[in-house]
Amino acid sequence: MATTTLTLHQKVPNKSEKDTVGAITKKITRTSPEFLEFVRNDNPDVVFKNEERTGADMMMTPKLKEKIDKLAQLVKTELPGFKLRVTEAWDENLEHSSTSTHYEGRAADMTTDPVNLAKLGRLGGLAVEAGFDWVFFENDKHIHASVSR
């Protein structure tokens with residue numbers, strides 16, 4: 001597979017997230033029936049920021065977990081000394097825009113651990129290789145990646 005490094009603000013594919021992975025249908029809460037379909041990601045090769053102290057960042061759809069786990073393995077292989085760091089996954093605190101896929105557990109914001117902002121472009125490329133449906137080098141602080149239903 002070709003080595004890919006994203007540039008700041010690059011999207012893969014180069015279209016909107018909504019057009020690529022689909023619009024959200026509702027904001028899932030802990031009492032929503034859909035929450036029961038989430039899985040907890042306890043992968044030891046992933047560092048979860050968990051600033052909410054609720055474990056929300058570890059909760060996600062099975063499809064998102066599969067892609068995060070694959071990306072964690074790619075990071076471990078290609079970036080020795082680094083781990084994948086998830087700063088945000090499922091959002092139960094309404095911290096994102098009203099249409100965010102974070103509310104359905106289908107998106108993750110990611111960096112490396114330890115944080116190395118110079119590695120973000122390559123992390124984005126690895127996210128594409130891991131099979132995320134949409135990858136966005138959103139800003140100089142993190143990569144945003146999401147999956148379809």
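This note walks through a predicted model, point by point.

1. Start with helix H2 (residues 62–78) and helix H3 (residues 120–130). They pack at an angle of about 130°, and their axes are 9 Å apart. That angle makes H2 oblique to H3. The crossing of H2 past H3 is right-handed.

2. **Who meets whom.** From H2, the residues in the contact are Lys67, Lys70, Leu71, Leu74, Val75 and Glu78. From H3, they are Arg122, Leu123, Leu126, Ala127, Glu129 and Ala130. Sort the residues of this contact by type and you get 7 nonpolar, no polar and 5 charged. An α-helix has 3.6 residues a turn, so residues three or four places apart point the same way.

3. **How covered is H3?** H3 is mostly covered, with 10 of its 11 residues buried. Among the buried ones are Leu120, Gly121, Gly124 and Gly125. Arg122 and Glu129 of H3 are buried as well. The cover over the buried residues of H3 includes H2, E5, E6, E7 and E8. Just after H3 comes glycine 131, with a positive phi of about 100°.

4. **The largest core.** The largest nonpolar core has 28 residues. Which members touch the most others? They are Ile68, Leu71, Leu84, Met110 and Phe132. Two helices, H2 and H3, each give two or more residues to this core. So do the strands E3 (46–48), E5 (83–88), E6 (107–113), E7 (134–139) and E8 (142–146). As background, nonpolar side chains tend to be buried together in soluble globular proteins.

5. **Leucine 71 up close.** Leaving out residues up to four places away in sequence, leucine 71 touches Leu84, Met110, Leu123, Leu126, Ala127, Ala130 and Phe132.

6. **A second core.** There is also a separate core of 6 residues. Its members include Ile28, Phe35, Ala56 and Trp90.

7. **Two residues in one loop.** Threonine 101 lies in the loop between E5 and E6. Leucine 94 lies in the loop between E5 and E6 too. Which is buried and which is exposed? Threonine 101 has a relative accessible area of 2%, so it is buried. Leucine 94 has 56%, so it is exposed. Among the residues that threonine 101 touches are Glu17, Val21, Arg106 and His144.

8. **Leucine 36.** Leucine 36 sits in the loop between helix H1 (17–21) and strand E2 (39–40). It is exposed, because its relative accessibility is 74%. Leucine 36 and leucine 94 are 58 residues apart along the chain, and their C-alpha atoms are separated by 19 Å.

9. **Lysine 141.** Find lysine 141 in the loop between E7 and E8. Its C-alpha is 7.4 Å from that of threonine 111, although the two are 30 residues apart in sequence. Lysine 141 touches Thr111, Leu117 and Leu120, not counting residues up to four places away in sequence.

10. **Backbone points to check.** The peptide bond from valine 12 to proline 13 is cis, with omega near -5°. The bond from aspartate 113 to proline 114 is cis, with omega near 0°. Proline 114 lies in the loop between E6 and H3. Histidine 9, in the segment before E1, is not a glycine, yet has a positive phi of about 75°. Leucine 94 has a positive phi too, near 55°.

Notes
Residues numbered from 1 in each chain as written. Predicted model: local features only at pLDDT ≥ 70, side-chain atom pairs only at ≥ 80, totals over all residues. Heavy atoms only, no water. Axes fitted to C-alpha atoms, helices over the stretch in contact; angles between N-to-C directions. Helix = DSSP H or I, 4+ residues; strand = E, 2+ residues; numbered from the N terminus. Parallel < 35°, antiparallel > 145°, perpendicular 65-115°, else oblique. Left-handed = near helix turned anticlockwise from the far one by under 90°. Contact = heavy atoms within 4.5 Å. Nonpolar A, V, L, I, M, F, W, Y, C, P; charged D, E, K, R; others polar. Core = buried A, V, L, I, M, F, W, Y, C linked by side-chain atoms within 4.5 Å. Buried < 20%, exposed > 50% of the residue type's maximum accessible area, 1.4 Å probe, protein only.
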